[in-house]
Amino acid sequence: KKLNDFNIETSNTRLFNKYEPISSFPVAVRDISFSLRDLSNAEKLQNLILNYENDIIKEVYIFDFYHNKVEEELKIGFRFTFQSVRKTLEDNEVETVIQNIINEAFKIKSVSVPGL
């Protein structure tokens, strides 16, 4: 009897998580290590990279963080996971996104990618 009286009211269905299909296509992983001489720009770089949006980027996170106090240099390593829900990605598609990310990062003062 109590089950018949039970009523769930939802005021906003937009708060529910939307179903996102899991891709059966392989992932591609790329790492980029950025170097900063102007330490005040570290947060700006992190915000740019961690909030960079592209349809094939599935995950971005910091995997390495090193402050060389002698050289006054900060190195931050970011790992990118790429995947498509429609097809297997080609290297040139991933590299195009990586190059766009690097180009945007280079607009921040004192940012470089060692070895590039």
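Strand 2 (residues 57-68) and strand 3 (residues 73-82) pair in the antiparallel sense, with 10 bridges between them. Two strands count as paired if DSSP finds at least two bridges between them. Helices (H or I, at least four residues) and strands (E, at least two) are DSSP runs, numbered from the N terminus. Within this pairing, tyrosine 66 has lysine 75 of strand 3 as its bridge partner. The two strands form a hairpin with four residues between them. In that turn, glutamate 72 has a positive phi of about 50°.

This is a predicted model, in which local features need pLDDT of at least 70 and side-chain atom pairs count only at pLDDT 80 or more, while totals for chains, interfaces and linings use all residues. Residues are numbered from 1 along each chain as its sequence is written, and side-chain values use heavy atoms, with hydrogens and water left out.

**Confidence**

The predictor's confidence in each residue is given as pLDDT, from 0 to 100. The chain averages a pLDDT of 90, and 85% of the residues score at least 70. Confidence is lowest in helix 1 (residues 2-5), where the mean is 63, and highest in helix 3, at 98.

**Salt bridges**

A salt bridge is a side-chain nitrogen of Lys or Arg within 4 Å of a carboxyl oxygen of Asp or Glu. The whole structure contains six salt bridges. Three of them are listed here.

| Pair | N to O distance |
|---|---|
| Arginine 30 and aspartate 91 | 3.2 Å |
| Arginine 30 and glutamate 95 | 2.9 Å |
| Lysine 109 and aspartate 38 | 3.9 Å |

Arg30, Asp91 and Glu95 are linked in a network of salt bridges.

Exposure is given as relative accessible area: buried means under 20%, exposed over 50%, and partly exposed in between (1.4 Å probe, protein chains only). Aspartate 91 is exposed at 56%, and arginine 30 is partly exposed at 21%. Glutamate 95 is partly exposed, at 38%.

The salt bridge between lysine 109 and aspartate 38 links distant parts of the chain, 71 residues apart. Lysine 109 is in the loop between helix 3 and strand 4 (111-112), and aspartate 38 is in the loop between strand 1 and helix 2 (42-50). Lysine 109 is exposed at 61%, whereas aspartate 38 is partly exposed at 22%.

**Aromatic rings**

Rings of Phe, Tyr and Trp (its six-membered ring) pair if their centres lie within 6.5 Å; planes under 30 degrees apart count as stacked, over 60 as edge-to-face and the rest as tilted. There are two aromatic pairs in the structure. Phenylalanine 34 and phenylalanine 78 are edge-to-face, 5.8 Å centre to centre with 70° between the planes. Phenylalanine 34 is in strand 1 and phenylalanine 78 in strand 3, 44 residues apart. Both of these residues are buried. Phenylalanine 80 and phenylalanine 82 are stacked, 6.2 Å centre to centre with 20° between the planes. Phenylalanine 80 and phenylalanine 82 are both buried.
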